[in-house]
Amino acid sequence: MTSHQIRQAFLDFFVSKGHLIVPSAPLVAKNDPTLMFNNSGMAQFKDFFLGNGTPPSKRIADTQKCLRVSGKHNDLEDVGFDTYHHTMFEMLGNWSFGDYFKKEALAWSWELLTEVYKLPKERIYVSVFQGDEQDGVPFDQEAWDIWKTMVGEDRIILGNKKDNFWEMGDVGPCGPCSEIHIDLRDQAEVDLVSGKSLVNADHPQVVEIWNNVFMQFERKADGSLLPLPNKHVDTGMGFERLCMAIQGKQSNYDTDIFQNTITVIEQLSGKKYGLTGTLNTTDYTDIAMRVIADHLRAVSFAIADGLLPSNSKAGYVIRRILRRAIRYGYSYLGFNEPFMCQLVPVLAEQFKNVFPELQAQVAFVTKVVQEEEKSFLRTLELGIKRFEQMAAPPAPDGGALDGEIVFELSDTFGFPVDLTALLAKEKGLKIDEAGYEKALNEQKNRSRQDAAKEATDWIEIPQPHGRPRPDGGTDFSSPSGGGGGLDFVGYEFTECEAQIVKYRKVKTKQGEEYHIVLDKTPFYAEMGGQAGDSGVLVSGQWSMVISDTKKENDLFIHISKDANLENIIHHTSYIKAKIDVPRRRLIEANHSVTHLMLAAMRRVLGTHIVQKGSYQNEEITRFDFSHFAKVTDAELAQIEEIVNAKIRENIALKYYVNVPIAEAVGMGATATFGEKYGDFVRVVEFDPAFSVELCGGTHVPATGKIGTFKFVGESSIAAGVRRVEAVTGAKALAVIGQQSVVIGQLEELLKGQKDVVKAVQGLIEEKSALQKRIEILENEKLGQLKTDLLTKVAIKNDIATLIARVEVPNADALKSLCYQLKDAFTSPFTIVLAAVINEKPQIAVMLSEDLVAQGKHAGNIVKELAKEVKGGGGGQPFFATAGGSDVNGLDRALAKASEIL
């Protein structure tokens, strides 16, 4: 069976068992503070397990894109060195939400593996949870008894909490599990050693392929376990390992999932994969190809899901994965030019019928990867130069490269420790591993402290009948069921009466805050780019200011630093929730104009324009989009003209709710890659022939309410991604007014000039010509100064030494003078020049290369001299500069230079 057939057989099997097949969620986790990426098949269903939402079916199956490269589940450093670890992987899964349980789940697992996939029964081992006294969870007798009817007891294994109790993280849904393992070794090896002894022993051919998790508990922040309202089933089968087993391979990378990519890598590099015929964990040609084939998937699908490589958070993780692949290609396959980008279309074609979002954006993803490769290949060259400087003779103390330097190469240049160790070994050096670990741990501790947030468990508020309402009446309605936060009434209302369902205290670096969940709310929680509402909760004489509203899982979290919550709860759980209406109206204007702007962009710039990110608050709208060139002033003006015309038309808002996703797409609705949409969506329309989008945000009732639209910025934020910023209403008029004032001032200064733009352009050209003339004169002056200074050179200990105070116009001239003097020397030399530039002292030190090779360092010298002028400085070993505040100290600095040199 091919991998496509294996995947389809799984889905078809569970359709026959009454399951609904749903699409994969994006790789990037949304609205879940406990996850950076979706790292398991169940991540997108977490709310259903917690009772915060209702699944579209009690039985669901899918294949989910997963990424495990951060936090508790981190396989990155193992990838490439064995047969089965991956960054991104597919997780085949089936779920039961309060429907079937262990009996059906385990029986179906056995049926699919042995009857459909025809895997040998005698090679399969299963495990059940042995129980845990500390958590008070008993031995899973039920699972044991079910397995006994299908598998001999000699192939049932008891597993401890580490192996057979599954948890997503420190908090959240969890429960005992039953794993299914398969022994893929040759029969000769099986005859020598039983597979049972190798289960969970990290043997590359005795691997887990399926895990049946029985969700019965929720782990709280204090470590305790609470039973979930309903029992659920969550199963996950590693697709790559399953294909290895069915296709009779010894490695995941030998399956057709990866061989397409590896074949192209062979062609591009001119090297062969698997020359030894067996898995070789020391052959770096093979390791590099496995790393590239794996990392290509993680990077490509993450970008297709809307995540761009960056220097922070999830974007940094993707950049790190991509750079690891580039580094292996550079070091072991001889790739000195971008190569990963050539593999993206191969991957897109392979998965076009499974995850079509990559094929739909193949040109964009290819361009992003290509630009990242170009940038990092330049960085690699700089990193190697930095290494050469630090490893240059004489040898470092103890023959070991300092751990701080090793960390700098890793953190700044993306050099993994093994690359630095390899480079060091070639020079007969070692690396200070202890020093590196110390620097790394210090950085991790800083990151933890920066991200520190401590939250208590949710405190549920009882909802008995007959509690007083804020209006003085009495409410005898049924209590809300505890999920809360799901009844958003903010499309129609700006205030409503509500009940506090639960709350928690959260300690952050900024202090303590309260997170509050209501049974219904007019507060819009930040999502889809629209900022969360602020406002107030009122109950009698007490009130609480809500500073922000966030969405966490499927809950609307009202955030407040106001301690009045305790007083309100003591009095009543009923409150009146009121949003800041003027602020909401400004946000709505900025959100609605973004829809108009996107439609106008697609008309002016082309239909390739796709949203890559956006943010709208009361001040501004910021919009990121795919485009490979700067948006010209003329194009921006044309977009502005179209948007303002639509505003003047005062087009009424139309929205449609609970529209089947296929019908919405048929209406021409624009969707955003990386967002997960349900089977039914909300469609927002401003003229069906102009702007139709899938959107859950709030909007102006008609475009006339926006007032005016004006761009205030355009820039590049990543390869192939541009960003525009714009303002609306009074802020737009203020910008236009400011521009009019500037034009008026220019007309006043350029009296008699009919064409202000042409006049200013003429002045710029005249200034440029004069600047060039000044540079010529300054260079001539520097040449004469150089000649004069060479007459002052003294020879000390066979070293040409020049220490002088000079007059130069700027720091660039001081640097240029040093380099011109350098070219005049043939013997070892030292140069120290001092000058007053813009009434500030400046010092430059330059040393010949042979002196640097002897251990001299211009940066260390200039730091000492800078003390005399009350300043600081530094630089490279051969050239360094310093500045200060005490001009009177320059002569002392020169005298000190004479002593040092």
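## Overall organisation

Among contacts in the protein chain between residues at least 6 apart in sequence, 68% join residues at least 24 apart, where contact means heavy atoms within 4.5 Å. This is a predicted model, in which local features need pLDDT of at least 70 and side-chain atom pairs count only at pLDDT 80 or more, while totals for chains, interfaces and linings use all residues. Residues are numbered from 1 along each chain as its sequence is written, and side-chain values use heavy atoms, with hydrogens and water left out.

The secondary structure of the protein chain comprises 26 helices and 39 strands; these are DSSP runs numbered from the N terminus, with helices (H or I) of at least four residues and strands (E) of at least two. The C-alpha trace spans about 100 × 80 × 55 Å along its principal axes. Of the 901 residues, 51% count as buried, a term for under 20% relative accessible area, with exposed meaning over 50% and partly exposed lying in between (1.4 Å probe, protein chains only).

Helix H23 covers residues 811–822, and at 1.5 Å a residue its 12 residues should span 16 Å, which agrees with the 17 Å between its end C-alpha atoms; the expected span is 1.5 Å times one less than the number of residues. The buried residues of H23 are Ala 813, Leu 814, Leu 817, Cys 818 and Leu 821. They cover an arc of only 145° around the axis, which puts them on the same side of H23, the arc being that of the directions from the helix axis to the C-beta atoms. In general, an α-helix has 3.6 residues a turn, so residues three or four places apart point the same way.

The N-terminal end of H23 is capped by Asn 810, a side-chain oxygen of which lies 3.2 Å from the backbone nitrogen of Asp 812.

## The H13 and H14 pair

Helix H13 (residues 362–391) and helix H14 (residues 403–413) pack at an angle of about 170°, with their axes 10 Å apart. That makes H13 roughly antiparallel to H14, since angles over 145 degrees count as roughly antiparallel, under 35 as roughly parallel, 65 to 115 as roughly perpendicular and the rest as oblique. The contact is made by Phe 376, Thr 379, Leu 382, Gly 383, Arg 386, Phe 387 and Met 390 of H13, together with Ile 405, Glu 408, Leu 409, Thr 412 and Phe 413 of H14.

Leu 377 also lies in H13 and, at 7% relative accessibility, counts as buried. Not counting residues up to four places away in sequence, Leu 377 touches Ile 326, Tyr 330, Phe 335, Asn 336, Glu 337 and Pro 338. Leu 377 and Glu 337 are 40 residues apart in sequence, yet their C-alpha atoms are 7.5 Å apart in space.

Thr 114 lies in helix H3 (residues 102–116) and is buried, with a relative accessible area of 6%. Its side chain reaches the backbone oxygen of Trp 110 at 2.6 Å. Leaving aside neighbours within four places in sequence, Thr 114 is in contact with Leu 119, Lys 121 and Ile 124.

Glu 240 lies in helix H7 (residues 239–246) and is buried, with a relative accessible area of 2%. Beyond neighbours within four places in sequence, Glu 240 has contacts that include His 86, Glu 90, Asn 252 and Arg 297.

Definitions and conventions: A polar contact is a pair of N or O atoms within 3.5 Å; within protein, one must be able to donate a hydrogen and the other to accept it, and residues adjacent in sequence count only if both atoms are side-chain atoms. Axes are lines fitted to C-alpha atoms, for helices over the stretch in contact, and angles run from 0 to 180 degrees between N-to-C directions.
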